[in-house]
Amino acid sequence: MSIHETISALGLTLPETPSPKGDYVPVTIHGSVAYVSGQVCRVGEGVISGPVTDQTPEQLVLQAGQTCALRALSVLDHAVGLENIERILFLRGFVYGGEGFQGFSRVVDGASQVFIDVFGEHGRHARSAVGVAGLPGGGLLELEVTAVIKSK
């Protein structure tokens, strides 16, 4: 099954490739490594907004992670094609947390699961989850991704 077929079979859809909202590129490639710029949990023109608290519905937290991961996959697909991704190396999640919130890692779990579901063992990665005081557009989560490109 192709990567696109796997994504579809999971009931997921890649969004349109997001455009940068500043003076940067969506992906930088150095050698066989692709560095994806931070992807905020934007849906259409809106954003899944934070801050996240212990009372934030689990489904909203999961949706934020999935949204960031799918945006990152869309950027990678546009840059190199998902079939050319050998493995996901690293995720860095920035979580806009409310006062006293400590479950930063839990917020990034939804994104991690997308990469594992799509790439199998090659989607397992190292990661960091960092609490921040705010994100662009008031987003709940921003995700950076580092991936290895298959050698040709």
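How many bridges join strand 1 (residues 27-30) to strand 2 (residues 33-40)? The first point below takes this up.

1. Strand 1 and strand 2 run antiparallel and are joined by four bridges. Two strands count as paired if DSSP finds at least two bridges between them. Helices (H or I, at least four residues) and strands (E, at least two) are DSSP runs, numbered from the N terminus. Thr-28 stands opposite Tyr-35 in strand 2. The two strands form a hairpin with two residues between them, and Gly-31 in the turn has a positive phi of about 65 degrees.

2. A word on the basis of this note. This is a predicted model, in which local features need pLDDT of at least 70 and side-chain atom pairs count only at pLDDT 80 or more, while totals for chains, interfaces and linings use all residues. Residues are numbered from 1 along each chain as its sequence is written, and side-chain values use heavy atoms, with hydrogens and water left out.

3. Helix 3 (residues 104-119) has 16 residues and should span 22 Å at 1.5 Å a residue; its end C-alpha atoms are 24 Å apart, which agrees. The expected span is 1.5 Å times one less than the number of residues. The helix also has a kink of about 35 degrees, centred on Gly-110. The bend at a residue is the angle between axes fitted to the seven residues ending there and the seven starting there. Just after helix 3, Gly-120 takes a positive phi of about 65 degrees.

4. Buried residues of helix 3 include Phe-104, Val-107, Gly-110, Phe-115 and Phe-119. Buried means under 20% relative accessible area, exposed over 50%, and partly exposed in between (1.4 Å probe, protein chains only).

5. A search of the whole structure finds four salt bridges. A salt bridge is a side-chain nitrogen of Lys or Arg within 4 Å of a carboxyl oxygen of Asp or Glu. One of them joins Glu-58 and Arg-106 (2.7 Å, N to O). This pair links distant parts of the chain, with Glu-58 in helix 2 and Arg-106 in helix 3, 48 residues apart. Glu-58 is partly exposed at 47% relative accessible area, and Arg-106 is partly exposed at 27%.

6. Another salt bridge is formed by Glu-144 and Arg-92, with the closest N and O atoms 2.8 Å apart. Glu-144 lies in strand 7 and Arg-92 in strand 5, so the pair ties together parts that are 52 residues apart in sequence. Glu-144 is partly exposed at 25%, as is Arg-92 at 31%. Arg-124 and Glu-121 also meet in a salt bridge (3.1 Å, N to O); Arg-124 is partly exposed at 41%, whereas Glu-121 is exposed at 55%.

7. Arg-71, in helix 2 (residues 58-80), deserves a separate remark. Arg-71 is buried yet has no salt bridge, and the nearest side chain of opposite charge, Glu-45, is 8.7 Å away. Here Lys and Arg count as positive and Asp and Glu as negative; His and the chain ends are not counted. Leaving aside neighbours within four places in sequence, Arg-71 is in contact (heavy atoms within 4.5 Å) with Pro-15, Pro-18, Gln-39, Val-40 and Arg-42.
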